[in-house]
Amino acid sequence: MTSRRKHPERAPHRRRASATDRTKNNSGYRITGSWDQHPDRPAIKPTQDRKAARRIARNMAEQGAYVVVEQHHGYGWWSTWFEVDGPALLAERRAAEEEQRRHAVEERHRAEQEEAARIAAAEKSERERAGLARLMVCPPVAREQCGRRDARHVTGAQR
């Protein structure tokens, strides 16, 4: 009998080690997110990827969850890696958006006032130019050296 037929339930003997590494990955992360609406039902997501753990924590926090990310050290020992306060982040984001909206309204109001002032100044300048144009059309007025048009009184010597 051949070795293959002798024990069919067993894998055949391999004489050469395969090139892949078979050591178990001991790194693990556990992301726990709890919401104020249902604090008794937290969402727990285990992952072995550090970047995925950060991404999942960020997504849960954007949904308003308080997130605790724990790192596995082996033998059932977990330690808190970081925490994210989702409701505080959302409140801060809302406040920043409201501040930005208020600033945009103030900026628009200031721009409208500047535009109204510019239009008023242009209209005033136009009125002044029109008055000067009317004055330039009028013939010159005879004046004395002191600037009066006519004498206030006539003396006997000047008659």
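**Close-up 1. Glu 114 and Arg 110 form a salt bridge in a predicted model.** Their side chains meet at 2.7 Å, N to O. A salt bridge here is a side-chain nitrogen of Lys or Arg within 4 Å of a carboxyl oxygen of Asp or Glu. Both residues lie in helix H3, four residues apart, about one turn of the helix. Helices (H or I, at least four residues) and strands (E, at least two) are DSSP runs, numbered from the N terminus. Glu 114 is partly exposed, at 47% relative accessibility. Buried means under 20% relative accessible area, exposed over 50%, and partly exposed in between (1.4 Å probe, protein chains only). Arg 110 also meets Glu 107, in a salt bridge of 2.3 Å, N to O. Glu 107 and Arg 110 sit three residues apart in H3 (residues 86-137), so about one helical turn separates them. Relative accessible area is 36% for Glu 107 and 38% for Arg 110; Glu 107 is partly exposed, and so is Arg 110.

Residues are numbered from 1 along each chain as its sequence is written, and side-chain values use heavy atoms, with hydrogens and water left out. Local features need pLDDT of at least 70, side-chain atom pairs count only at pLDDT 80 or more, and totals for chains, interfaces and linings use all residues.

**Close-up 2. A salt-bridge network links Glu 99, Arg 102 and Glu 106.** The count of salt bridges comes to eight. Side chains of opposite charge can pair when their charged atoms come close.

**Close-up 3. Arg 30 and Glu 70 join two strands.** Their side chains meet in a salt bridge of 2.8 Å, N to O. Arg 30 lies in strand S1 and Glu 70 in strand S3, so the pair ties together parts that are 40 residues apart in sequence. Arg 30 is partly exposed, with a relative accessible area of 26%. Glu 70 is buried, at 17%.

**Close-up 4. Twelve residues make up the largest nonpolar core.** A nonpolar core is a set of buried Ala, Val, Leu, Ile, Met, Phe, Trp, Tyr and Cys residues joined through side-chain atoms within 4.5 Å. The members are Tyr 29, Ile 31, Trp 35, Ala 53, Ile 56, Ala 57, Met 60, Ala 61, Ala 65, Val 67, Val 69 and Val 84. H2 gives the most, with five residues. Beyond neighbours within four places in sequence, Ala 65 is in contact with residues including Trp 35, Met 60 and Val 84. Contact means heavy atoms within 4.5 Å.

**Close-up 5. Helix H2 has a buried set of residues and an N-terminal cap.** Ala 52, Ala 53, Ile 56, Ala 57, Met 60 and Ala 61 are buried. Their cover includes S1, strand S2 (43-47), S3, strand S4 (78-85) and H3. Asp 49 caps the N-terminal end: a side-chain oxygen lies 3.4 Å from the backbone nitrogen of Lys 51. Gly 64 follows H2, with a positive phi near 95°.

**Close-up 6. S3 and S4 pair in the antiparallel sense.** The pairing runs over seven bridges. Two strands pair if DSSP finds at least two bridges between them. Gln 71 stands opposite Ser 79 in S4. The hairpin has five residues between the strands, and its Gly 74 takes a positive phi near 95°.

Conventions
Polar contact = N/O pair within 3.5 Å; in protein donor to acceptor, adjacent residues only side chain to side chain.
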